[in-house]
Amino acid sequence: MPNLRRKIGVLCVMAGMFTGSAAWALEAPKGPVVLQVSGLIEAHNQGKVAALDMKALQALPQKSFTTQTPWDQKPVTFSGPLLRDVLQLVKAKGQHIRAVALNDYRVKLPVSDAREHDVVVAVQMNGQAIPVRTKGPLFIVYPFDAKKELQHKTYYERSIWQLKAIEVE
């Protein structure tokens, strides 16, 4: 019996290897799409795009931190999935991402930032969903107070609120 299970397991792995990109299909969003990820990714659910709803982002492990920002008078608590987990979900293969806001503002940041720092795609500020009028619904934010080097204009400029899309390059 153990041999049969092992053979079935090997066959399943081999079948997965030959199914191509279908093996990397993401579940289709059930709610409104809040983030589209495109470019050098291997997991898709709408053509060559990974369309994510809030439920998909909230299903990832969540990280919270409190940090002072240049835009707020007192420290703010941000919560959401780590950017590296979002990139891993879509099987991103690039070295940079171009983040795009609702008003089409764009900022480029290295994927290495996601690996080296606990950058979050915030879905909450101070325990509340983030309305569009106050930087929502998504906000890429660095844990500025975690490392002195992050308290620099470079990282402030890489933070982008009203995030709607990520293009992996």
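Guide: What follows is a set of questions and answers about aromatic pairs in this predicted model.

Visitor: How many aromatic pairs does the count come to?

Guide: The count comes to 10 aromatic pairs.

Visitor: Why is the pair of phenylalanine 65 and phenylalanine 78 called tilted?

Guide: The ring centres of phenylalanine 65 and phenylalanine 78 are 6.2 Å apart, and a pair requires centres within 6.5 Å. Their planes stand at 50°, whereas stacked would need under 30 degrees and edge-to-face over 60, so the pair is tilted. Phenylalanine 65 belongs to strand β3 and phenylalanine 78 to strand β4, 13 residues apart.

Visitor: What makes phenylalanine 78 count as buried or exposed?

Guide: Its relative accessible area is 0%, and buried means under 20%, so phenylalanine 78 is buried. Phenylalanine 65, at 10%, counts as buried by that cut-off too.

Visitor: Why is the pair of tryptophan 71 and tryptophan 161 called edge-to-face?

Guide: The planes of tryptophan 71 and tryptophan 161 are at 80°, with the ring centres 5.3 Å apart; an angle over 60 degrees counts as edge-to-face, and therefore the pair has that name. Because tryptophan 71 lies in the loop between β3 and β4 and tryptophan 161 in strand β11, the pair ties together parts that are 90 residues apart in sequence.

Visitor: How do you know whether tryptophan 161 is buried, exposed or partly exposed?

Guide: Its relative accessible area is 32%, which falls between the cut-offs of 20% and 50%, so tryptophan 161 is partly exposed.

Note on methods. Residues numbered from 1 in each chain as written. Predicted model: local features only at pLDDT ≥ 70, side-chain atom pairs only at ≥ 80, totals over all residues. Heavy atoms only, no water. Phe/Tyr/Trp six-rings, centres within 6.5 Å; stacked < 30°, edge-to-face > 60°. Helix = DSSP H or I, 4+ residues; strand = E, 2+ residues; numbered from the N terminus. Buried < 20%, exposed > 50% of the residue type's maximum accessible area, 1.4 Å probe, protein only.
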